[in-house]
Amino acid sequence: MATRGTVERSEVTEAMGYGENVAKITGVPFNDAGSVATDVWYSESANYSYSYPRVTPQTDAFTQMVWKETKEIGMGCAKDVATNDIYVVALYRPPGNDRRRLRENVLKKGLMTEDVYATIFKRTQ
């Protein structure tokens, strides 16, 4: 993505059994890009209805990142040296966003028992 200067999801990741979130981050230090991307994806929660759950383009990054049954996550960043934009990719396994299983996997805040994202960035510092 950084080489092409475009934000796009990979067809290969889905075929390999991963869920994926992507983001283009501008104007932040490289070391903060993962945290900023996480905030961007989580901000989609404002568009999500727990009483009428749906996966839409305005909520799919949020629902993927909080998917209860996901057990593994990997994140990576690359910088476009011409523009200094940073491209962030998160891969999830097993993938989320199964429309039939939204209610059991996207829980209201306060019902989760562990904040995985809060520990990822602490480990890298």
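This is a predicted model: local features need pLDDT of at least 70, side-chain atom pairs count only at pLDDT 80 or more; totals for chains, interfaces and linings use all residues.
Residues are numbered from 1 along each chain as its sequence is written, and side-chain values use heavy atoms, with hydrogens and water left out.

**Confidence and layout**

pLDDT is the predictor's confidence in each residue, from 0 to 100. The chain averages 86 on that scale, and 84% of its residues score at least 70. Helix 3 (residues 60-65) comes out highest with a mean of 96, and helix 5 (residues 116-123) lowest with 50. Over residues 121-125 the pLDDT stays under 50, and the model has 4 contacts there beyond four places in sequence; a contact means heavy atoms within 4.5 Å.

The chain holds 5 helices and 3 strands, in the order α-β-α-α-β-β-α-α from the N terminus. These are DSSP runs numbered from the N terminus: H or I with at least four residues for helices, E with at least two for strands. Take the contacts between residues at least 6 apart in sequence: 65% of them join residues at least 24 apart.

**Inside the fold**

Of the 125 residues, 34% count as buried. The largest nonpolar core has 18 residues, and Ile25, Ala37, Trp41, Val88, Leu102 and Val106 have the most contacts inside it. Such a core is a set of buried Ala, Val, Leu, Ile, Met, Phe, Trp, Tyr and Cys residues joined through side-chain atoms within 4.5 Å. Leaving aside neighbours within four places in sequence, valine 106 touches Tyr48, Tyr50, Phe62, Thr63, Val66 and Trp67.

On helix 2 (residues 33-43), the buried residues are Ala33, Gly34, Ala37, Thr38 and Trp41. Seen down the helix axis they fall within an arc of 135°, so they line one face of helix 2. That arc is taken from the directions from the helix axis to the C-beta atoms.

**Charged pairs**

Side chains of opposite charge can pair when their charged atoms come close. With a salt bridge defined as a side-chain nitrogen of Lys or Arg within 4 Å of a carboxyl oxygen of Asp or Glu, the count comes to 5. Among them are these:

| Pair | N to O distance |
|---|---|
| Lysine 24 and aspartate 85 | 3.5 Å |
| Glutamate 72 and arginine 93 | 2.6 Å |
| Glutamate 104 and arginine 101 | 3.3 Å |

Lysine 24 sits in strand 1 (residues 19-25) and aspartate 85 in the loop between strand 2 (72-79) and strand 3 (86-93), so that pair links distant parts of the chain, 61 residues apart. Aspartate 85 is buried at 9% relative accessible area, while lysine 24 is partly exposed at 40%. Glutamate 72 lies in strand 2 and arginine 93 in strand 3, so their bridge ties together parts 21 residues apart in sequence. Glutamate 72 is partly exposed at 42%, and arginine 93 is too, at 36%.

Back to arginine 101: along with Glu69 and Glu104, Arg101 belongs to a network of salt bridges. Glutamate 104 is partly exposed, at 43% relative accessible area.

Note on methods. Buried means under 20% relative accessible area, exposed over 50%, partly exposed in between (1.4 Å probe, protein chains only).
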